[in-house]
Amino acid sequence: MRSRLRSDWWFSCRGRFGALLALIVAATVACRNSAAVDGPRDEKAAATNGNGPSDSQEKADEGTAKNAAKYVTESLRGRVVFAAEATARRLGVKSVDEAAERILALEAPDGTLYPLIEDVRARAFRADKTLREFDVELLVRKHEGTPMRQVIGVYALKKDGKYEVDYWCDVCAIAMFELKPCECCQAMNYLRLRKVAE
Ligand SMILES: [Zn+2]
């Protein structure tokens, strides 16, 4: 009898604990989502720093890197392409058809291909063909142990200078990383280019 009471108590506590845990998870997810919406504004800080990140940018990055992953930050110029098309054109090595649009890469003027980790920032180049027609400068992280680059800033290079690239919704006045319906009002966002002071 006593053990039965104990087990009832245990299950009831577990139920309450589970509900509390679910609340905490929900709150964390909500916060993360709003942080993602604010994301491109963070890039503004990087943009104002010119070609390379400043010490303060580096320190901020280190602070947010949870597992203290080892990486170096660098700027690369070129055009973003699908790797399969570039390797066929440059090396004469044809990929299988199903790999045609599998990997995005930055193609430097010397022909070097830098494969991109396709997170939401890099996916912008898949979502909007216009971006693949720009000469770009990418602010990237090269993590230890992989040739892949993580995109943390996108700039279009034009005759009259460098422009920060993001996507904007006029109604909600929020910036997003890629071409898509606005995260808030669902109206289509649009490509926004803002000149970087050099
Ligand atoms: Zn909107």
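**Stop 1: E4 and E5**

Select Leu139 and then Gly153 in E5, which is the bridge partner of Leu139. E4 and E5 pair in the antiparallel sense, over 7 bridges.

**Stop 2: across to E1**

From E4, move to E1. These two strands also pair in the antiparallel sense, over 8 bridges. To see one of the pairs, select Thr73 together with Arg141, its bridge partner in E4.

Stay on E1 and select Val81, which is in this strand. Is Val81 buried, exposed or partly exposed? With 19 other C-beta atoms within 10 Å, Val81 is partly exposed; a residue counts as buried at 20 or more. Leaving aside neighbours within four places in sequence, Val81 is in contact with Ala86, Ala105, Glu107 and Arg132.

**Stop 3: E5, E6 and their neighbours**

Go back to E5 and follow the chain into E6. A hairpin of 2 residues joins these strands, which pair in the antiparallel sense over 4 bridges. Select Leu157 and you will find Lys162 of E6 opposite.

With E8, E6 forms an antiparallel pairing over 6 bridges; select Trp168 and its bridge partner in E8, Tyr190. With E7, E6 pairs in the antiparallel sense over 3 bridges; here Cys169 has Ile174 of E7 as its bridge partner.

**Stop 4**

The hairpin of E6 and E7 has 4 residues between the strands. Select Ala173, which sits in the loop between E6 and E7. Most residues other than glycine have a negative phi. Ala173 is exposed, with 8 other C-beta atoms within 10 Å.

Next select Gln186, in the loop between E7 and strand E8 (190-195). Phi of Gln186 is positive too, near 75°. Gln186 counts as exposed, with 12 other C-beta atoms within 10 Å.

**Stop 5: helix H4**

Select H4, residues 120-127. Which residues of H4 are buried? They are Arg121, Ala122, Ala124 and Phe125. Look down the axis of H4: its buried residues fall within an arc of 130°, so they line one face of the helix. An α-helix has 3.6 residues a turn, so residues three or four places apart point the same way. To see what covers the buried residues of H4, show E1, E2, helix H5 (129-132) and E5, which are among the covering elements.

**Stop 6: the core**

Select Leu104, Val136, Leu138 and Val154, the residues with the most contacts inside the largest nonpolar core, which has 28 residues. Several elements give two or more residues to this core, including strand E1 (71-82), helix H3 (83-91), strand E2 (104-107) and strand E4 (136-143). In soluble globular proteins, nonpolar side chains tend to be buried together.

Keep Leu104 selected. What does Leu104 touch, not counting residues up to four places away in sequence? Leu104 touches Val80, Phe82, Leu116, Glu118, Ala122, Phe125 and Arg126.

**Stop 7: the whole chain**

The protein chain has 5 helices and 8 strands, in the order α-α-β-α-β-β-α-α-β-β-β-β-β along the sequence. Of its 198 residues, 22% count as buried. Among contacts with a separation of 6 or more, 52% are between residues 24 or more positions apart.

**Stop 8: where to be careful**

Colour the chain by pLDDT. The mean is 79, and 66% of the residues reach 70 or more. Select residues 1-39: pLDDT is below 50 over this stretch, which has 3 contacts beyond near neighbours in sequence. Then select residues 41-62, where pLDDT stays under 50 and the model has 22 contacts beyond four places in sequence. Where pLDDT is low, the predicted coordinates should not be read in detail.

Technical notes
Residues numbered from 1 in each chain as written. Predicted model: local features only at pLDDT ≥ 70, side-chain atom pairs only at ≥ 80, totals over all residues. Core = buried A, V, L, I, M, F, W, Y, C linked by C-beta atoms within 7 Å. Contact = placed C-beta atoms within 7 Å. Pairing = 2+ DSSP bridges. Arc of directions from axis to C-beta. pLDDT = per-residue confidence, 0-100.
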